[in-house]
Amino acid sequence: MPWYKKLHWQIIIGLILGLVYGVIGAAMGWEQFTAHWIAPFGTIFLNMLQVIAVPLILASLVVGVASLADLNKLSRIGGKTIGLYLLTTVIALVVGLTLVNTMQPGGAVPPEMQQQLEETYRDDVDDREAFAEDAADRGPLQPFVDMVPSNFFSAASDNSNMLQVVFVALFIGIGLMLIPGKQSKPLLDFFESLNALIIKLVELIMLTAPIGVFGLLADAIVSIAADSPTQLAPLLGALGYYCLAVALGLFIMMFFVYPMFMKLFTRKSIPEYYKAIAPAQLVAFSTSSSGATLPVTMEVSEKNLGVSKEISSFVLPLGATINMDGTALYQAIAAVFIAQVIGLDLALSQQLNIILIAVLASIGTAGVPSAGIVMLVVILESVGVPAAGIALILGVDRPLDMLRTVNNITGDTMVASVVAESEGALRDVDESMYVSLGENGELGVSGDASEEPTDDAALSKDA
C-alpha cells in the first residue's frame, strides 16, 4: 500500500494542512469563514467519538467481566492475572501523572496564550469552578454515592457520568456470570455483537480522522493566532514536550517496571525476555492494535518464552481487553497537559479521579487503533476539561499509539510469564528454537518449538 493511503500518514497530513491553514487564516482574517465552513468538520468528528463512548464502555465491559466465568475453574490464575494487570495500570498512571506534573509540558505555553485559551473555554472554566465549590461541601462517601445511578438511561445520556455507566456494566457482567449459561447466552451474544459493531464503528470513525483533525486544528489555530501569530511556535514546542513526556513514561514502564517484575518473579534474564517477545513488539508497533497482535503475542509467549498454552490462552486474551498500561499512562499525561495548556489547574482529587476512571476504563478500552482517544474524551469530560482540547494532540496520536501498543503487549507477556512461573508452567526454551518474523512479515519457526511442556499438569493440582 502506498504511504499516502495509510491512515497515520493521512492524519499527519491533516495536521500539517490544519496548521498551514490556521496560520494563513489568522493572517487573512478568515475567522468567520473558518467557524462556518471548516470547524463543523472537526465538531462532527468529535461528536462521533463522543456518541460511541457509552456503548463502547457498556458492551466491552459486560463482555469482559462475563468472560471471567472461567474463574470457576481457574480462580487462582484469574486472581493473579487481574491483580497484576490492575497493579501495572495503576503504576503506569502514577508514572504518567508524576511526569506531567514534574515536567509541566503545558507550562511552555506563554501566559498570554493560556489566558486567551481560557477565554475561549470560559464556559467550561466556570462550570468547573462551580463544580469545585460544590465538591468542597460534599461528604467523604459522596463519590461512592455518585457512582450508583438512580436511572441508567439518564446516566448514559451524559458522558460526564461515565463512572455510573462503568458501574452498571460491571453489575450486569457480574450478574451474567452468576446465572445459568443457557439463560445468559442470548444477552451475552447481544453484547458481543454490540462490542464487535462498536469496534468496527471506531475503525470507520478513524477513517474521518484526517478531515476531523484538519477542522479541529484549523479552527483552534485561527482562534489562537488571530491576534498574535507569533504565539504559535510556543504551542508547537509544548506539543513536542508533551510527546517527550509520554515517550519517557513508556520508556520507564518498558525498561524499568516490567524488567523489575521479570527479575523478581521469573527466572528469565532480561535480554532473553526482550529477544523472545521482539516479533510481537514489531507487529504491535506496525498495527497499533493489541487485538490484531494477539495471535503473535500468544505464539511468542508459548514458543519463545515457554509459557504453557493453558496459561497463555487465558492470560493474554484477557490482557488484550483489560491491560492498557501504555494507554492509561498516555491518557493521564494528555488530560493534564490539555488542562495545563488551557490554563486549568486540576486539583489532586481530580487527578485521583483520572486514576480511578482510567483503571476502570482500561477494562473496556477496545484493543484497536486509537480506541484510547475515545476513552480520553470520557476522562476529559469527567474532570471538567473541554473535550475539544484533543485537537491539540490528535496530530501526534498515531506515532504515540504505536509506542503505547508496544508497551501494552510487553505488559501482557510479562504478566503471562509471572503467572506461568508461579504455577510451575514456565519452561526454558533454547534461543535456536525461537519463532521470528520472516521477510514477508509472517512467523517462522527455526526449530521444533511446538512441543507442549509436560508440567502443564501442574495447573490441574490444587495449590
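The structure is a predicted model, in which local features need pLDDT of at least 70 and side-chain atom pairs count only at pLDDT 80 or more, while totals for chains, interfaces and linings use all residues. Residues are numbered from 1 along each chain as its sequence is written, and side-chain values use heavy atoms, with hydrogens and water left out.

Helix α16 covers residues 325–342, and at 1.5 Å a residue its 18 residues should span 26 Å, which agrees with the 26 Å between its end C-alpha atoms. The expected span is 1.5 Å times one less than the number of residues, and the helices (H or I, at least four residues) and strands (E, at least two) are DSSP runs numbered from the N terminus. After α16 comes Gly343, with a positive phi near 100°.

Seen as a whole, the protein has 19 helices and two strands, and buried residues make up 53% of its 463 residues. Among contacts between residues at least 6 apart in sequence, 82% join residues at least 24 apart, where contact means heavy atoms within 4.5 Å.

The largest nonpolar core has 127 residues, and those with the most contacts inside it are Tyr242, Val315, Phe337, Ile390 and Ile393. Such a core is a set of buried Ala, Val, Leu, Ile, Met, Phe, Trp, Tyr and Cys residues joined through side-chain atoms within 4.5 Å. Ile390, leaving aside its neighbours within four places in sequence, is in contact with Leu46, Leu49, Ile338, Ile373, Leu376, Val377 and Leu380.

Two of these partners, Leu46 and Leu49, are among the buried residues of helix α2, together with Thr34, Ile38, Ala39, Gly42, Phe45 and Gln50. The 21 residues of α2 (residues 31–51) should span 30 Å at 1.5 Å a residue, and its end C-alpha atoms are 28 Å apart, which agrees. Within α2 there is a kink of about 45° at Ala39, shortly before the proline Pro40; the bend at a residue is the angle between axes fitted to the seven residues ending there and the seven starting there.

Helix α10 can be read in a similar way. Its 27 residues should span 39 Å at 1.5 Å a residue, and its end C-alpha atoms are 38 Å apart, which agrees, while a bend of about 25° is found at Leu187. The buried residues of α10 are Ser184, Leu188, Phe191, Leu194, Asn195, Ile198, Val202, Ile205 and Met206. An α-helix has 3.6 residues a turn, so residues three or four places apart point the same way. Asp189, which is found in α10 (residues 181–207), is partly exposed, with a relative accessible area of 31%, and its C-alpha atom is separated by 9.0 Å from that of Val63, 126 residues apart along the chain.

In the loop between α4 (71–103) and α5 (111–120) stands Gln104, which has a positive phi of about 50° although it is not a glycine and counts as partly exposed at 36% relative accessibility.

The aromatic rings complete the tour. Rings of Phe, Tyr and Trp (its six-membered ring) pair if their centres lie within 6.5 Å, with planes under 30 degrees apart counted as stacked, over 60 as edge-to-face and the rest as tilted. By this rule there are eleven aromatic pairs. One of them, Phe152 with Phe153, is edge-to-face, at 5.6 Å centre to centre and 65° between the planes; Phe152 is partly exposed at 23%, whereas Phe153 is exposed at 66%. Phe255 and Tyr274 form a stacked pair, at 5.5 Å centre to centre and 25° between the planes. Phe255 lies in helix α12 (residues 232–265) and Tyr274 in helix α13 (residues 270–287), so the pair ties together parts that are 19 residues apart in sequence.

Definitions and conventions: Buried < 20%, exposed > 50% of the residue type's maximum accessible area, 1.4 Å probe, protein only.
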